[in-house]
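Please open the model in your viewer and keep the sequence panel beside it.

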Amino acid sequence: MSHWQRMWLFAAWVGAIVALGWVVERNLVVGTDLRLFMPSPRTPEERLVLEEIGEGPASRMLLLAIGGGSPEAAADTSQALAAALAEDPHFRWVANGDSGTNVFPDELLAYRYLLAPTLDHTALDASYLSDQLRERLRDLSSPAAGMLEPWLPRDPTLELLELAETWQPARQPQLLNDVWFDGAGEQALLAVETVAAGFDPQAQREAADGLRAAFESARTDPSLQLTVSGPGAFSVLMKERTQGEAQWLGALATAGMVILLLVAYRSLPLLVLGLLPLATAGLAGLAAVSVVSGTVHGITLAFGFTLIGVAQDYPMHLFSHQHGGLDPRANARALWPTLATGVASTCIAYLAFLFSGVRGLAQLSVFTVVGLAVAGLTTRFMLPPLIPAGGRDAGDSLMLGQLWHRMASLPRPLWLGVAIAAVSLAVLVFSPRPLWQDELGGLTPVPRALIEQDAALRRELGAPDVRHLLVIEGADAQDVLERAGTVAAQLDELVASGALAGYDHAARYLPPVSVQERRRAALPDNRELQQSLDAAVAGTPFRPGLFAPFLADVERARSLPALGPQDLAGTPLEARVGGLLLQRDGHWTGLVTLTGLADVAALRRIVGAQPDVTLLDLKQASEDLVAHQRLRILWCLAVSAVLLVAVVLFALRSLVRAQRVLAPMALTTLVVLAVLHGAGVSLNLFHLIALVLAAGLGLDYALFFERAADEPAEQRRTLHAVLVCSLSTLLVFALLATSSLPVLRAIGVTVAAGVVCNFVLALLLTRPRLDS
Amino acid sequence: MVAGELEHRDDGALIRRVQQPYRETTTLLGENVTVERDGSRPRRFSLDRAPELRGMLNSFGAMLKGDRATLEQHFEIASSESGNAWHIDLVPRGDRLRARLARVRVDGHANRANCMTMEEPDGDATVMLIGVADRTKLPSPMEREQLQSWCVRAGAR
């Protein structure tokens with residue numbers, strides 16, 4: 001092929017990559033919801049667990065603290081911030097303790113008699129009104145007069161205040177300057193609920209930005225600081241730390257790779273050509289995922305490119321085996337059986353994740369399988385015509401020759417394989433530690449200091465428990481609200497006995513229709529109320545007729561239809577009730593959030609006696625889910641391991657050769673598992689993926705070692721290829737292993753250990769006899 | 001019409017204790033007010049919502065101590081006397097307070113203060129009669145005019 005033809009082909013390929021990149025970029029929707037990487041639910045209960053973990057009121061709640069300045073300034077800022085956030089579309093509701101009556105829209109004011117519990121234990125008769133008016137007179141000569149006076153004509157029984165107090169959280173922090181403060185009286189506290197799900201870092205980031213901006217303009221004193229805590233804040237933090245560190249390590253690894261490749265091949269054109277299959281593979285993988293699932297998760301993107309980094313090895317095999325007298329196309333043809341076996345078996349291993357039941361893993365699987373296949377095929381068919389003939393021959397290297405001879409004199413301790421397998425199995429079987437990490441949060445652990453800060457804020461604010469939750473199932477909203485009322489009565493006993501600090505549920509804000517109708521029926525008619533009021537006003541300094549607005553409100557309340565969930569749209573109650581009363585598939589679910597649960601057993605007893613009420617232990621349930629999921633993934637991996645053996649057997653057509661090729665990989669997997677376990681590392685999903693990656697690499701090394709021909713120059717070329725491949729992979733993953741983040745470290749340590757172990761074992765067990 | 005006592009506690013709290021005709025205790029500490037009355041839940045709110053207390057807090061202590069500088073800091077002061085009778089008008093300087101409290105007027109005679117009147121912008125007023133031990137000497141009927149003239153004359157008893 002002439003120089004010009006090569007240039008044209010190169011330009012066409014680069015053009016195709018650019019075009020594919022443009023198409024992919026235009027259609028690519030990157031998702032960030034971490035739940036994509038959580039197990040997919042099988043039962044309605046599991047679905048609820050996952051929904052609660054990511055979307056429940058507790059997961060959406062952010063706890064805010066404003067401190068660092070004077071308490072007065074903090075209180076003023078709290079008020080201004082609450083007002084700003086109430087208008088911000090990122091937030092469903094905000095609470096700072098201010099029981100201002102403005103929380104209630106004017107058109108719903110008359111509903112106060114149906115919503116507040118007053119009429120459950122008293123009647124609006126002369127004696128009650130008389131008592132109330134006497135209290136109001138005392139209020140008017142107390143310092144609270146200024147605050148209450150404007151309300152008296154409309155609400156002499158202060159029903160609205162009663163309602164506002166009913167709606168305050170069960171266990172409130174102390175009020176200073178009208179807003180919540182911590183016990184020390186230094187930090188103003190707020191609770192907000194985001195519209196975004198807790199595990200959607202992108203949307204949480206937007207909410208966090210809105211929050212910061214609102215705080216900046218609300219703060220009355222530059223020394224004030226805002227602290228934000230909660231699942232959403234953590235997911236933003238962890239995503240950004242992961243991203244930041246991955247980028248930094250990735251840049252370092254790329255620089256290292258370039259240097260390594262330049263040293264190995266001393267050719268700039270080869271360096272550039274080596275990138276083409278990988279770039280094509282990545283884009284093809286992305287395109288495939290886009291077509292299959294519409295969105296590509298950020299983790300698939302980041303992690304997928306790490307996994308198909310293996311594809312960088314394919315051109316290297318080609319380059320290392322290239323020498324003066326050889327047509328690159330013939331070279332590719334000769335290498336192809338070995339290379340294809342490696343590609344096919346790695347693809348089979350990753351195919352296991354397609355059936356894992358985890359949507360994110362299925363995406364990852366599609367991405368990797370398509371990517372690796374494309375990399376293999378382009379290396380075989382498109383790359384060879386571009387490779388300049390001639391160039392440096394790795395077979396000429398004296399150093400490699402000496403190395404090969406030194407290796408030849410190494411023993412071939414077949415007993416070593418058996419011994420290693422035995423020791424590894426012993427470690428795995430006899431160690432008392434649990435092998436697996438079941439916590440969902442274990443994948444992205446939040447720094448200890450932040451968890452403690454969160455727990456402290458949660459205690460101060462009396463925020464709901466993120467672990468336990470009651471779930472009430474019902475045919476319709478009223479059914480659920482009625483049951484919530486029944487459960488609430490029993491929970492009150494737990495609160496009285498100290499087993500529980502408090503709880504929250506939808507019926508607290510929106511009593512069932514039956515209760516509202518009962519209260520409405522208890523309202524006196526206009527004439528009767530007028531008489532009672534006249535009797536009560538007589539003998540007080542209140543002017544007759546002063547309470548006309550009160551009479552009008554009661555009269556209006558008597559004809560109001562009971563308030564239902566649909567009537568709350570656009571009111572501040574909508575968010576409160578909406579988070580606790582959910583409609584799904586023509587089926588209603590009510591949630592009871594719990595605060596300060598001290599006695600789970602007592603709660604379990606109460607719940608056990610209630611039909612259609614479940615105590616959800618999110619931690620336990622999610623751990624069960626993860627464990628179940630892992631079992632499924634392990635089964636998938638087992639099936640793919642069998643397939644993989646079949647492929648290798650078919651390709652090599654010899655039991656002995658297949659055994660030699662597979663032994664290092666299988667042993668390495670055992671050794672790495674044992675080493676990790678022995679070092680006290682609990683294994684998670686990412687370790688599993690990394691093990692598969694390491695196994696795929698090991699298989700490649702073994703295949704090429706096994707293939708090494710008798711001719712010394714060709715042996716040196718093979719050694720060169722395997723050395724460059726393993727060194728470059730080791731470099732990348734050793735860097736990842738230094739990461740401070742558990743996910744990156746898990747992958748880095750596992751693959752780096754796997755590469756070393758695979759190389760050494762392939763050397764000791766797979767290398768062909770060199771006695772000749 | 002309630003009777004009781006005021007106490008300045010060592011920790012800086014001002015306690016307004018009503019003893020008759022019912023019992024009620026208002027505790028003012030820092031910016032926070034708590035009103036507790038027998039038979040009902042304590043009510044907590046900030047000083048901002050109780051302008052008369054703010055006025056009292058700012059003026060009372062300073063006047064007792066004769067601390068004119070502190071008083072000047074919070075109020076514009078105007079005073080007049082005729083014979084032994086005198087009165088001091090205190091108009092709040094801060095906009096925030098003035099929106100809730102129009103004026104504090106202290107009436108006195110010779111070397112004692114008789115009344116402290118807190119006037120709100122809407123015309124309402126709270127009158128505190130100071131040091132009345134004998135309730136039979138109170139004005140009657142208890143209306144603004146009678147109270148006013150009582151406050152001016154009281155020292156002549």
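Which residues does A:Ala694 touch, not counting residues up to four places away in sequence? Select A:Ala694 and you will find that it touches A:Thr668, A:Val672, A:Thr750, A:Val751, A:Gly754, A:Val755 and A:Asn758, where contact requires that the C-beta atoms of two residues, placed from the backbone, lie within 7 Å.

Before going further, note that this is a predicted model, in which local features need pLDDT of at least 70 and side-chain atom pairs count only at pLDDT 80 or more, whereas totals for chains, interfaces and linings use all residues. Residues are numbered from 1 along each chain as its sequence is written, while chains are lettered from A and ligands numbered from 1 in the order in which they are written.

Of its 169 residues, A:Leu372, A:Ala506, A:Leu510, A:Ala690, A:Leu693 and A:Ala694 touch the most other members. Helix α29 (residues 685-707) of chain A gives this core its largest share, 17 residues; helices (H or I, at least four residues) and strands (E, at least two) are DSSP runs, numbered from the N terminus. Another core, of 47 residues, lies apart from it and includes A:Ile66, A:Ala208, A:Val228 and A:Val466.

Now move to the interface, where 13 residues of chain A are in contact with 21 residues of chain B. On the side of chain A that touches chain B, α7 (126-140), α8 (145-148) and β4 (174-176) of chain A each supply at least two residues.

Then select chain B, which has 4 helices and 10 strands, and of whose 157 residues 30% count as buried. An open sheet of 5 strands can be followed here in the order β6-β7-β8-β9-β10 (chain B), with antiparallel pairing, two strands being paired if DSSP finds at least two bridges between them. Because β6 (75-82) and β10 (125-129) of chain B stand at the edges, each with a single partner strand, one side of each is left without a neighbour in the sheet.

Finally, zoom in on β6(B) and strand β7 (residues 85-92) of chain B, which pair in the antiparallel sense over 8 bridges; the bridge partner of B:Glu76 in β7(B) is B:Val91.

How values were computed: Buried ≥ 20, exposed ≤ 12 C-beta atoms within 10 Å, placed from the backbone. Core = buried A, V, L, I, M, F, W, Y, C linked by C-beta atoms within 7 Å.
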